[in-house]
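Dear colleague,

I am passing on the structure below, and I would be glad if you kept it open while reading the notes that follow it.

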Amino acid sequence: MKNPVWTTIDFDAPGIQSDFARVPHSSDTSAYGWIPVPMLCLNGGRGGPTALFTAGTHGDEYEGQVALRKLVHDLAKTKLQGRVIILPALNRPAVAAGRRNSPLDGGNLNRVFPGDLQGGPTAVIAHYVATELFPLADVIIDLHSGGSSLDYLPMALAHPGRNETEAEAVRRLLTSFGAPYSALTDGAGGGAGATLYAAAEQAGIPAITTELGSGSTLSEAGLAIAESGVRRVLRDYGIAPDFDAPEGRTIRFARFLGRGDTIYSPCDGLFEPFVKPGEQVAPGQKAGAIHRLDNALARPIELEFPSSGIVAFRRFPTLTSTGDALFGLMVEAQN
Ligand SMILES: [Zn+2]
């Protein structure tokens, strides 16, 4: 079945077009209406590769949303040798609500790929991206951050590719983007195969995602990584050859440790962390404590790191429930 999402954008037409991915949504107040997911197409009209950049896949992650909105203005002044398709607020209902997930259907857009036409608006957006936009794209970047619940070490992440050719293409993209850390992952700690970048891997398109900030605010450092990264990629892939971007950065490759090395909260309470993202930790080192809500006399529950590694993320809010991920670890790797 053809995706019901529509747009006035003609992706083959040269120049700048701004419209929406118009996602039909029949509500109490709008029987025949559509959700306006902002979409821009900048086409140099001379052939060349296509970059697909998305942000706002989670509505409460802001560095990517702002970086892509700023990028549009720079691209408008630059000669393009290819095409750039930008959706800076991919889950528009979640962005408008300042929430990770859509208030319309509770959908987590980075957990429903490759999408479902029978699902709610979130699954329909995923289906549109996977079936209509992926076939146009040669390179894909989906910009995320820690959002409301996580404090993240700034990094780029990618699935490793299904063969050596794809692995090489992924390494090229990670190197060009140039985040301080680049991690290869199977996504097991997060959305596994249901994320945008996992679906892109299955479509054979080199794709990366990012983690660029902490809490539902804008990190200056994370924004700078996003802005310089997308500019470098557009330059290195020959789409915006005149773009300048800072060089001289050091890229370290890393690998996430699995669930067994992730610390989850054993009870409800107040989370007191003892270390920050980026710190190197050792087995048995104190990670933090949980102060029980209901018994102030009880000793806090102390948590220890099960293995050595670099703290990739920690929980951001203090109020914590059983099962919340408190710390995740990664190790440096040769790639
Ligand atoms: Zn996210």
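Predicted model: local features only at pLDDT ≥ 70, side-chain atom pairs only at ≥ 80, totals over all residues.

As a reminder, the strands of a sheet pair through backbone hydrogen bonds, and they may do so in either the parallel or the antiparallel sense.

**Strand β7 and its neighbours**

Are the faces of strand β7 covered or open? Both faces of this strand, which spans residues 155–158, are covered, with M155 and L157 buried on one side and A156 and A158 buried on the other. With strand β8 (residues 181–184), β7 pairs in the parallel sense over four bridges, and within that pairing L157 stands opposite A183. To get from β7 to β8, the chain passes through helix α4 (residues 164–177), and this β-α-β crossover is right-handed. Strand β7 is also joined to strand β9 (residues 207–211), in this case by three bridges and in the antiparallel sense, and the bridge partner of L157 in β9 is T209.

**Helix α1**

Helix α1, covering residues 63–75, has 13 residues and reaches 18 Å from its first C-alpha to its last, which is close to the 18 Å expected at 1.5 Å a residue. Several of its residues are buried, among them E63, G64 and Q65, as well as A67, L68, L71 and L75.

**The protein as a whole**

Stepping back, the protein has six helices and 19 strands. Its radius of gyration is 20 Å, close to the 20 Å that the globule rule gives for 335 residues, so the protein is as compact as a globular protein of that length. Taken along the principal axes, its C-alpha atoms fill a box of roughly 70 × 55 × 35 Å, and 45% of the 335 residues count as buried. Finally, if you consider the contacts between residues at least 6 apart in sequence, 69% of them join residues that are at least 24 apart.

With kind regards

Terms used
Residues numbered from 1 in each chain as written. Helix = DSSP H or I, 4+ residues; strand = E, 2+ residues; numbered from the N terminus. Rg over C-alpha atoms; globule rule 2.2 N^0.38 Å. Buried ≥ 20, exposed ≤ 12 C-beta atoms within 10 Å, placed from the backbone. Contact = placed C-beta atoms within 7 Å. Pairing = 2+ DSSP bridges. Right-handed = clockwise from strand over helix to strand, strands pointing away. Expected span 1.5 Å × (residues − 1).
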